[in-house]
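Here is a walk through one protein model. Keep the sequence and the 3D view open as you read.

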Amino acid sequence: MAAALDPGEQHTNFMQWATKHGVEINGIAPAKFVDRGMGIVAAKDIKLPENIPVHGRLAAALALWYSDPSHQEYKIWQHVWPSKSDFRATMPLYYAEALQDLLPRAATNLLINQRAKLERDWVDLYPHMPSISKDLFEYTWLIVNTRTFYWEYPDLPNSHPRLPKKRKQLTADDCYAMCPFMDYFNHSDAGCDPQSDSKGYSLTADREYKAGEEVFISYGTHSNDFLLVEYGFILDSNRNDTIPLDHLLLPLLTREHVEALKEDGFYGNYTLSSEEPTICHRTEAILRLLILGNKRYSTFVGGDDDGSKEQYRVNEYLVQILTKYSRQIIEILEEVHALEVEGVDSKRAARRSSRNIKDGKEAIRSEQKDVLIRRWKQIGDLVNSAIGNLSR
């Protein structure tokens, strides 16, 4: 860390003048650094608010290190991170509005939550690091988002004083860890399972690998919508893939239905899976309420009846709903196909894309459009497969 020297009277006078003319300066001051000229130094201990989750704190630390030329400790690691342009090419956060409007429902909801978390962390942290631009913080926030591992803090009586002594005091947002080199691994729904303990992370091969064969890890049991929004990719084959049915089923409910489902804890979170069982227990429950009435629904959710006698009626009803949805998917695919893509080989288009980025408007990229088409085809295949299974 470079030594900070007194800036001199002219800089002290300027600081006073700036304050008098409305500039708010809190906890920092100008200083002279050997061989580097003028800069800003912390005039007092600067602490971040306690309510900011680890995600935001890590992003803030990375942004400060990234922007400080004297901080060389992590530069080699930073050089192998994805670039800003990598994120702009793959993350739905940067999709053109026309593409975002055609995202699947689950991806849309995830994107709304992601954007809200990012904005909340920025609003909370900016006053404590005014020298950092939002663009840089957004970049390091996505680095954290795409390169952290879930860390189960052990109960350690001699743990770091900043960590709670008991695991139960931590929330999921506190359990983040960054692992240089391990973040090289790509995801597969069937890959090596990272293990962690008080000493750190370890990874053991799940099978034999030949030299040159890619080794994957599993990020968890995530749907392709989750992988797309959080990491910017989808798997061609994902045994953990699901799609939500809430937008198809909730509009069919009466007020009395809603009250009954909420009272029993069965309101919302209905899913269609690529693996058996095709529909979850919650979906079985709401369908019985819709077509069989309160009495048969109550015996099913209460465990007094497995519902096998009416299963054919439940399946038949859901097939009708899914058949309509299948037609909607075809229409959505037609809309996506019809979107015009910026020409990647045109210098004029490149300049126009650059202007759009500066204006906060993203151009439609062919790779993004292709991913969205693949995703909707996957959803269509999943729906049509479910229709076939339920119609037997």
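Which helices each supply at least two residues of the lining of the largest cavity? They are helix H4 (84-90) and H7. Keep in mind that the model is predicted.

Start with that cavity. About 50 Å³ of space lies in it. The largest cavity is lined by Lys84, Phe87, Arg88, Tyr94, Asp135, Glu138, Tyr139 and Leu142. H7 gives the largest share of this lining, with 4 residues. By class, the lining of the largest cavity has 4 nonpolar and 4 charged residues, and no polar ones.

Now follow H7 to its packing with another helix. Two packed helices are described by the angle between their axes and the distance between the axes. Helix H6 covers residues 105-125 and helix H7 covers residues 134-147. They pack at an angle of about 125°, and their axes are 11 Å apart. H6 and H7 are therefore oblique to each other. The crossing of H6 past H7 is right-handed. Which residues make the contact? From H6 come Gln114, Lys117, Leu118, Glu119, Asp121, Trp122 and Leu125. From H7 come Lys134, Phe137, Glu138, Trp141 and Asn145. This contact of H6 with H7 holds 5 nonpolar, 2 polar and 5 charged residues.

Rolling a probe the size of a water molecule over the atoms shows where empty space is left. How many cavities of 30 Å³ or more does the count give? There are 2. The second largest cavity has a volume of about 30 Å³. Its lining is made by Pro104, Arg105, Ala106, Asp225, Ile243, Pro244, His247, Tyr325 and Ile379. Two elements give two or more residues to the lining of the second largest cavity: H6 and strand E10 (242-244). That lining divides into 6 nonpolar, 1 polar and 2 charged residues.

Then turn to an open space, the second largest pocket. About 1000 Å³ of space lies in this pocket. The second largest pocket is lined by 40 residues. Which of them lie nearest its centre? They are Asn145, Thr146, Thr148, Tyr219 and Tyr231. Several elements each supply at least two residues of the lining of the second largest pocket. The helices are H4, H6, H7 and H8 (224-231). The strands are E4 (148-150), E6 (186-192) and E9 (216-217). By class, the pocket lining has 21 nonpolar, 13 polar and 6 charged residues.

Finish with another helix pair. Helix H11 spans residues 281-292, and helix H12 spans residues 294-301. Their axes come within 7 Å and cross at roughly 160°. That angle makes H11 roughly antiparallel to H12, because angles over 145 degrees count as roughly antiparallel. H11 passes H12 in a right-handed crossing. On the H11 side, the contact uses His281, Glu284, Ala285, Arg288, Leu289 and Leu292. On the H12 side, they meet Asn294, Arg296, Tyr297, Phe300 and Val301. The contact of H11 with H12 has 6 nonpolar, 2 polar and 3 charged residues.

Note on methods: Residues are numbered from 1 along each chain as its sequence is written. This is a predicted model: local features need pLDDT of at least 70, side-chain atom pairs count only at pLDDT 80 or more; totals for chains, interfaces and linings use all residues. Side-chain values use heavy atoms; hydrogens and water are left out. Axes are lines fitted to C-alpha atoms, for helices over the stretch in contact, and angles run from 0 to 180 degrees between N-to-C directions. Angles under 35 degrees count as roughly parallel, over 145 as roughly antiparallel, 65 to 115 as roughly perpendicular and the rest as oblique. A crossing is left-handed if the near helix is turned anticlockwise from the far one by less than a right angle, and right-handed if clockwise. Contact means heavy atoms within 4.5 Å. Ala, Val, Leu, Ile, Met, Phe, Trp, Tyr, Cys and Pro count as nonpolar, Asp, Glu, Lys and Arg as charged, and the others, Gly among them, as polar. On a 1 Å grid over the protein atoms alone, a cavity is a set of points where a 1.4 Å probe fits but cannot get out, and a pocket is an open set with protein on both sides within 12 Å along at least five of seven lines; lining residues have an atom within 4 Å of a point. Grid points are joined across faces, edges and corners, and a volume is the space filled by probe spheres set on the points.
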